[in-house]
Amino acid sequence: MGLAHRALAALREGSGAEIGAALRTHGADVSRDAHEVFLHGTKNKWRDRPAVVDPEFWPFIEAHVRTLLPTAQLWPGITTDKARYYHREACRRVEIADYRMNDGRHSYAVRKMRQGIDPYLIAMNLGHKDATMVHKVYGKYRPRAEDRRRLVEGGR
């Protein structure tokens with residue numbers, strides 16, 4: 001898997017971006033200082049949004065963006081089918097079964113809920129109109145007492 005595919009996976013997993021919106025991004029959509037990528041969504045008007053990328057995923061995007069002109073398409077030649085193929089290959093290599101590309105959106109939302117991030121902010125990153133779906137689907141993943149205790153104890 002090349003640099004572009006790794007960066008695309010990092011964008012999807014690190015921001016909850018759907019593949020269609022991720023594939024439409026250009027260099028001008030990337031805010032390197034803010035660690036954000038403006039996603040051009042489909043389906044409805046609120047799917048167009050800036051998405052914050054988690055810090056641990058940003059270096060992959062940053063490395064890829066540095067290789068391109070500012071107005072260049074970020075993923076030239078990568079189609080949804082090609083992205084799915086490389087996703088399945090990566091999962092196969094690390095022996096992960098049954099992890100669909102779209103599951104990255106769910107993983108993102110669960111991580112953010114566990115971190116205590118405002119559900120409205122999670123919804124914005126996912127391209128949802130409001131936080132209703134986030135509460136309904138991911139509300140059970142809000143921080144538990146043991147999560148708060150670990151935070152107070154310094155992550156132990």
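Glu95 is exposed, with a relative accessible area of 74%; here exposed means over 50%, buried under 20% and partly exposed in between, with a 1.4 Å probe and protein chains only. Glu95 belongs to the loop between helix H4 (80–93) and H5. Helices (H or I, at least four residues) and strands (E, at least two) are DSSP runs, numbered from the N terminus. Asp98 is found in the loop between H4 and H5 too. The table puts the two residues side by side.

| Residue | Phi | Relative accessible area |
|---|---|---|
| Glu95 | near 60° | 74% |
| Asp98 | near 60° | 74% |

A quick word on the ground rules. This is a predicted model, where local features need pLDDT of at least 70 and side-chain atom pairs count only at pLDDT 80 or more, while totals for chains, interfaces and linings use all residues. Residues are numbered from 1 along each chain as its sequence is written, and side-chain values use heavy atoms, with hydrogens and water left out.

Now the sheet. It is open and has 3 strands in the order S1-S2-S3, with antiparallel pairing; two strands pair if DSSP finds at least two bridges between them. Strand S1 (30–31) and strand S3 (49–52) stand at the edges with a single partner strand each, so one side of each has no neighbour in the sheet. S1 and S2 are joined by 2 bridges, and Ser31 has Glu36 in S2 as its bridge partner. These two strands make a hairpin with 4 residues between them, and His35 in the turn has a positive phi of about 55°. Leu39 sits opposite Arg49 in S3, and Phe38 sits opposite Pro50 in S3.

In a regular strand the side chains alternate between the two faces of the sheet.

A nonpolar core is a set of buried Ala, Val, Leu, Ile, Met, Phe, Trp, Tyr and Cys residues joined through side-chain atoms within 4.5 Å. The largest one has 23 residues, and Leu8, Leu11, Val37, Leu39, Val53, Ile61 and Trp75 touch the most other members. Helix H1 (3–15), helix H2 (19–23), strand S2 (36–39) and helix H3 (58–65) each supply at least two residues of this core. A second, separate core of 9 residues includes Ala109, Ala131, Val134 and Tyr138. Leaving aside neighbours within four places in sequence, Val37 has contacts (heavy atoms within 4.5 Å) that include Leu11, Val53 and Trp58.

Last, the helix packing. The axes of H1 and helix H5 (residues 103–114) come within 6 Å and cross at roughly 45°. That makes H1 oblique to H5. Axes are lines fitted to C-alpha atoms, for helices over the stretch in contact, with angles from 0 to 180 degrees between N-to-C directions. Under 35 degrees counts as roughly parallel, over 145 as roughly antiparallel, 65 to 115 as roughly perpendicular and the rest as oblique.
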